[in-house]
Amino acid sequence: MKITRVRAVAYHKLQTTTPGWKISLGARRPHDTTSVIFVRVDTDEGLCGIGVSSPGLMVVSGETEAYHLDLIKNVLAPAIVGADPFEIESIHLSLDAAAAKAERAKAGIDLALYDLMGKALKVPANKLIGGVVNGSVRVTRLMGLYEPKEMAERTKAIVQQGYSALKLKVGTTLEEDVERVQRVREAVGPGVIITIDFNQACTPKEAIERINKMEPFHLTLVEQPVRKEDFKGMALVRRHVGPLIMADECVNTPAEALRVIESGAADVISLKFPKMGGLFKCRKVAAVCEAADIQYLVGTAPGNRLSGAANIHLAASLKGLTLPCELGEFERYLNDPCSGLEIENGYLKPPEKPGLGVEIDLAEIGLAD
Ligand SMILES: [Mg+2]
């Protein structure tokens, strides 16, 4: 089988149900729109695979939608037309040679290839990355950087839907951050796992002070408290607080995972296929974590049910997974052209249909025929 064509289109109809969502990075503007790029890979045998990617937040990725589309159509696609879609290592070598740093765009192609390979073999995508060891994964739901009172109300509503793990965006002032955690804990009760994500907002000393002030409210995990370059600072935080410290922005590749581990900067690494270049490369980061015996979890891939499906196939296949994963953010968006993936009582199972396993309205996304 040979790849004959790679197409990418932007989809603008996803609508957020959480206006005013912010994180501490950048100018703290609300993220009310999300840019989703669908990728279709066709073959000479008439089979096709559909993937999805996103330029992500400008403040994180530095990419615009136009740049991201141009990368896929004019730089990455020509590098793999003619390749056998099952030769995924070779395909990633070609993609890397075509563009050294374009992991978010490559992720869309990688997902389309897993969808295609699964359909060709009539197996769900997880069987191509080791199969299922976690049949059902506990879902962590995220909460943007709202005022403490509003955050507590919003998280209470989520817990009432059956969720038992939350991740709160923090990173304004000490008083506000502590009040956020206190109010949320009081609203959701003692049984809910709470993670906070500073998105690099603190100096090491600020982080230590804030996290220790939150001690009465029982945090499980603290994500990226300090600047992504500051491994020493993160290691210092890790030594002086109780909760597990998770690396996010500072790990994009297996080599970066190794550096974080060697510097003692984290207890946990967040695996995110969009920024790591897809499922194939993400699993390599997971292997580094397993070798070093440090924990991992599957982090957010904001967007729709197709990225959610890729995320749960990955989470289902991870032998070292003990923490809940950020698999449910597709619930924040209306007008999803994909269907067939739903969370039940706070847990998600991998789809059993071939490929990524969700139904996609190809006419709606402009990729029919
Ligand atoms: Mg994060």
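In β3, the residue bridged to R5 is D42, where a strand is a DSSP run (E, at least two residues; helices are H or I, at least four), numbered from the N terminus. This is a predicted model, in which local features need pLDDT of at least 70 and side-chain atom pairs count only at pLDDT 80 or more, while totals for chains, interfaces and linings use all residues. Residues are numbered from 1 along each chain as its sequence is written.

Strand β3 (residues 36-43) runs antiparallel to β1, and 8 bridges join the two; strands count as paired if DSSP finds at least two bridges between them. The open sheet holds 3 strands in the order β1-β3-β4, with antiparallel pairing. Because β1 (3-11) and β4 (48-53) stand at the edges with a single partner strand each, one side of each is left without a neighbour in the sheet.

Helix α4 (residues 103-121) lies across β1, β3 and β4, and runs at about 150° to β4; axes are lines fitted to C-alpha atoms, for helices over the stretch in contact, and angles run from 0 to 180 degrees between N-to-C directions.

The domain assignment, which is automatic or from a database, gives the following bounds.

| Domain | Residues |
|---|---|
| domain 1 | 3-123 + 361-365 |
| domain 2 | 137-359 |

The C-alpha centres of domain 1 and domain 2 lie 22 Å apart. Their contact takes 39 residues from domain 1 and 35 residues from domain 2, with residues in contact if their C-beta atoms, placed from the backbone, lie within 7 Å. On the side of domain 1 that touches domain 2, α4 gives the largest share, 11 residues.

Definitions and conventions. Two residues are in contact if their C-beta atoms, placed from the backbone, lie within 7 Å.
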